[in-house]
Each structure stands twice: as C-alpha cells, then as structure tokens.
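User: I have a chain open and would like to go through it with you. Could you take my questions as they come?

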Amino acid sequence: MPLETDVAFRFDNSYARELTGFYAPWQPAQVPQPAMVKLNRALATELGLDAEALDSPEGADIFAGNRVPDGAQPLAQAYAGHQFGGFSPQLGDGRALLLGEVIDVHGRRRDIALKGSGRTPFSRGGDGKAALGPVLREYLMGEAMHALGIPTTRALAAVTTGEKVRRDGAPPGAVLARVAASHIRVGTFQFFAAQGEELQLKKLADYVIARHDPEAAHAANPYLALFQAVCERQAQLVTQWMLAGFIHGVMNTDNMALSGETIDYGPCAFMDPYDPATVFSSIDHQGRYAYGNQPAIARWNLARLAETLLPLVHADSDQAVALVTEVLDLFPDRYQQHWLDGMRRKLGLASAQQDDLVLAQGFLATLQDQAVDYTQAFRGLADLVDAPGGPEADALRARFSDTSALDTWLARWQARQGQDAMPAAQRAQAMRQVNPVYIPRNHRVEEALAAAVERGDYAPFERLLAVLSRPFYAQAGSAAYAEPAPAATQQGYRTFCGT
Ligand code: AMP
Ligand code: MG
C-alpha cells in the first residue's frame, strides 16, 4: 500500500466550506525536526485513522505541521472574547489551526486541530508556538478528564519540533494535535456581534444548530432553543467540574465551547483540601476563576453569549432581552439540581430527600474546616460503608483532626442511608464508580513534565497517564498516585498559562 493511503484522513470540512469569512486559510510553520512524543492510539482508531501508520516519522511530520495531509484545509478561526472581564474584539487562533473534520466510528463529527503550529494572522505579538511542558499538561489533563467521564477536547498526539521556544529556560517546542466536537466558542459569536454583522451571526448560529443542536431547528424559536441547549450543556459541564474538584483557571469567553466540552487547558488544576476559594493560576489575582466561582462565571459567560443572540431571538430588542433572560435565570437552579443529583451519587444515596442538600453541605463544611483532601474524603466514604472497621476506613478518620465533627456528620449520613435500603456492598460499589481514587495531583503532573522537559524522560508521563486513564479503580502499586502532595509543597502552588 502506498504511504499516503496508510495515513489517510477522510476529511469533511464543513467549517471551511460553510463559514467563509469566519477564518483565515493558513499553513502551519515548517519545523526542523518533528518527533512523536505520544500518539493516542485508541483515539486515532476511534477517529477511523490507522494508528499503526500514524505512530511513525510520517505521523510526526503531520502533527508537527510539516506535512498537511490530503483533504485538510488548515485555517485559523476568528474569535473575540472577554478575558478576565475585559473585552478583546480580536483574538482568534494565534497559534492553532483547524486541519479539518472527520466523522468518527460512532458517526460523530470531530475537529482535528494543531496547537503550537506557528504564527497566524491572529498572533498579535505572540510567536505562535507552544512549549513541551504545557502541551504535555494539556494532554494529561484532558485525558484525565475524559477518563473521569467529563466532556472534554482530547489529545490525539504530542510531538516535539526540534526547536527551542522563547520562554523561560528555552524549553523544547512542541505541537499538540487536539480533537474537539467543534472549536466554536462564545467568543466566536462575540467576534461578529461586536462588528454588528447580523447576517454572519445568523449563519454561525444556523451552523451550530445543524452541528450540535439539530432539534432546535424545529423549535418555535430556534435561536432561543439553541441558547437553552448551550446553557444546559454548560450547567452539566460545570457541575461535573465542581463534583470532581476541577478548576479550569481561565474561564474567559473565548475558552467556553458551545459544544459543552472543557476546552483550553492552561493553568487548570485539581483542588486538594476542599476550599471554594482555591485558585492556582498565577495571573488570577482577584480569584475571579476560583473553584467556587465557576458556576457564577459560567452564567456570566452565557449572558455574554445571550447578548450576541438578541437580534436573532426577536426583532424587538425588549422582547429579545426578556426571552433570553428567562432562560438565563434558570441556570442557577439547573446547576443546583445537577450538582445535588451528583452529590447524592457521591454519597451513595439512591433517592432524593428534602434534607440532602444540607447533608452534602455539612460534609463539605467539615472538610473545609479541617482542610481535608476532597477526593480522598469522598472515596473514603465508600470504605466506611462496606468495611467500616478496616484499614481504609481508619485512614479516612485519620485525615480529620477533629473526629467528633466527622462522627456527628457520619451519624446523620448513616441515618439517611436507611431511607433507601440497599446492600452495603452495592452502595459502596456505586460510590466507587463516581468517586475517583486518582486525579492529576499537581506534584505528579509537575514531576512528569519536568522529567520530560529537562531530561527527555517520558516514563513518569506515561506512568501517570496510565494511572489517570483508570481513575475509579484502585491499581496495585499506584497508591502513591492517590496521595496529595505534602502540605508544605502545596503551599502557594501556582500554575501558568500555556503560552
Ligand atoms: P489562551 O490563553 O491559550 O486561551 O489564548 C488566548 C489568546 O492568545 C488566543 O487568541 C490565542 O491564540 C493567543 N495566544 C496564546 N499564546 C500564543 C502564542 N504563543 N502566540 C500567538 N498567539 C497566542
Ligand atoms: Mg483559549
């Protein structure tokens, strides 16, 4: 078989075809020495690609941008965005290119894009490049989120380019090949709204409806139905972040995808001790994107989306405002409902009872008061259900400095369990399916990135990735991956944007 057909992508590029004027056709930069760091073979196969053929120098050439595969139409997407509350009318893909779309083996349309593939017309002062550390970070975090069952863009491949990039310490340059349900952001709508381009907005909204919300086309008011669907997806997404202890870190409107996937892993991190004020990002001085603020920020971002949709929703602007406001005002309740449902699952409760919210909040308050690790505390509860006298249950108790507060809460929780009778083993098993053992612990992530960047040693990265890809199963020999860093090293832990 000729080489070309081995790595054939069956592209079907609806964005390039239907949305002329929404992007700049552009070519990736040539780089000196592409090398494959990691190919996500399972994902490649899911995309209908030949993983074997792609895990090769030829695949490295493609994902580094040196060779554009047949059928790709590389383009930089235009978008705007509110960054930390301030509006930038022109952002766009400054270092990313959409190569094209494929239909995966499940029939879903997926974008394949490169991140770090060189300057574009949207680069402003930037170099268009990505450093190896942030590329591996996005790979790890995204795949961990996927394994946790949280909607997310995925990492298809990470390659190094053979050049150093102009960052602190001149780290190796890299490119991430990213897969997404689409890369359309709240900021994409804002770009055209800011220019008063109503026809373009309508074209974009119609495209999103066709791609993500085909049933909205049949609604009495399709654009309002679209907005409703996007709000619902965000309510569910942020619920999942909150239940997992995930902090996105840079919830600008250009980093919120209409598909409802988590996108743009920059300074994101998982919380260790439960504290709603947790912030890791070095640039989030005000705590705007703190853990506990995420639902409110999601709503704020959705309000910005709503503003762009007003002319499509109703010709009369007052009526349009009334219609979108009604939808937006449902967001806090929708979020709260999803969150409470999720908390019930985490606590092993099968039915819905009046006091469940107070019960859940009581546990969180105890965790916060005693700075107990969020992930381990929930996982440990399952041990109290099916092995109350065992070593794991003891280990959970040992995490609390004041066990009397814990015992008071446990008594309430145990009484509540009586309201939906279920064998202990079954309850504990259900809890273990939603309370992970492993999350990407900050010190583990840093350790994996440092080994790769400083020593070219990918073993810690591979090991961590393997552990994180099965987060709900206690894996022999991996207990240390479940542990938070010693408190001293976590003090003042800071993450940095992937620029
Ligand atoms: P981010 O913080 O990664 O979501 O990026 C925000 C904006 O800055 C987007 O428009 C990016 O394309 C752009 N950007 C980030 N890093 C670079 C870079 N190194 N070169 C050019 N543009 C960049
Ligand atoms: Mg971004």
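Analyst: Let me begin with His 443, which is found in helix H18, residues 442-455, where helices are DSSP runs of H or I with at least four residues, strands are runs of E with at least two, and both are numbered from the N terminus. This is a predicted model, in which local features need pLDDT of at least 70 and side-chain atom pairs count only at pLDDT 80 or more, while totals for chains, interfaces and linings use all residues. Residues are numbered from 1 along each chain as its sequence is written, chains are lettered from A and ligands numbered from 1 in the order in which they are written, and side-chain values use heavy atoms, with hydrogens and water left out.

User: Is His 443 buried, exposed or partly exposed?

Analyst: His 443 counts as partly exposed, because its relative accessibility is 24% and the class runs between buried, under 20% relative accessible area, and exposed, over 50%, with a 1.4 Å probe and protein chains only.

User: Switching to ligand 1, which residues are closest?

Analyst: The closest are Gly 92, Gly 94, Arg 124, Asp 127 and Gly 128, out of 17 residues that surround ligand 1, each having a heavy atom within 4 Å of it. That shell divides into 2 nonpolar, 8 polar and 7 charged residues, where Ala, Val, Leu, Ile, Met, Phe, Trp, Tyr, Cys and Pro count as nonpolar, Asp, Glu, Lys and Arg as charged, and the others, Gly among them, as polar.

User: What about Arg 124, buried or exposed?

Analyst: Arg 124 counts as exposed, at 56% relative accessibility, and lies in the loop between strand S7 (109-115) and strand S8 (130-131). Its phi is near 50 degrees, a positive value in a residue other than glycine, whereas most residues other than glycine have a negative phi.

User: Which side chain has an N or O atom 3.2 Å from a nitrogen atom of ligand 1?

Analyst: That side chain belongs to Arg 95, and a polar side-chain atom of Asn 255 lies 3.1 Å from an oxygen atom of ligand 1. The protein covers 86% of the 480 Å² of accessible area that ligand 1 has on its own, an area from the Shrake-Rupley method with a 1.4 Å probe.

User: Where does the magnesium ion get its protein donors?

Analyst: The donors of the magnesium ion (ligand 2) are Asn 255 (OD1) and Asp 264 (OD), 1.9 to 2.1 Å from it; donors are N, O and S atoms within 2.8 Å of the metal (3.2 Å for Na, K and Ca), and as water is not among the atoms, sites may look incomplete. Asn 255 is buried at 11% relative accessibility, and Asp 264 is buried as well, with a relative accessible area of 13%. Asp 264 lies in the loop between strand S11 (246-247) and strand S12 (269-270), and has a positive phi of about 65 degrees although it is not a glycine.

Definitions and conventions. Polar contact = N/O pair within 3.5 Å; in protein donor to acceptor, adjacent residues only side chain to side chain.
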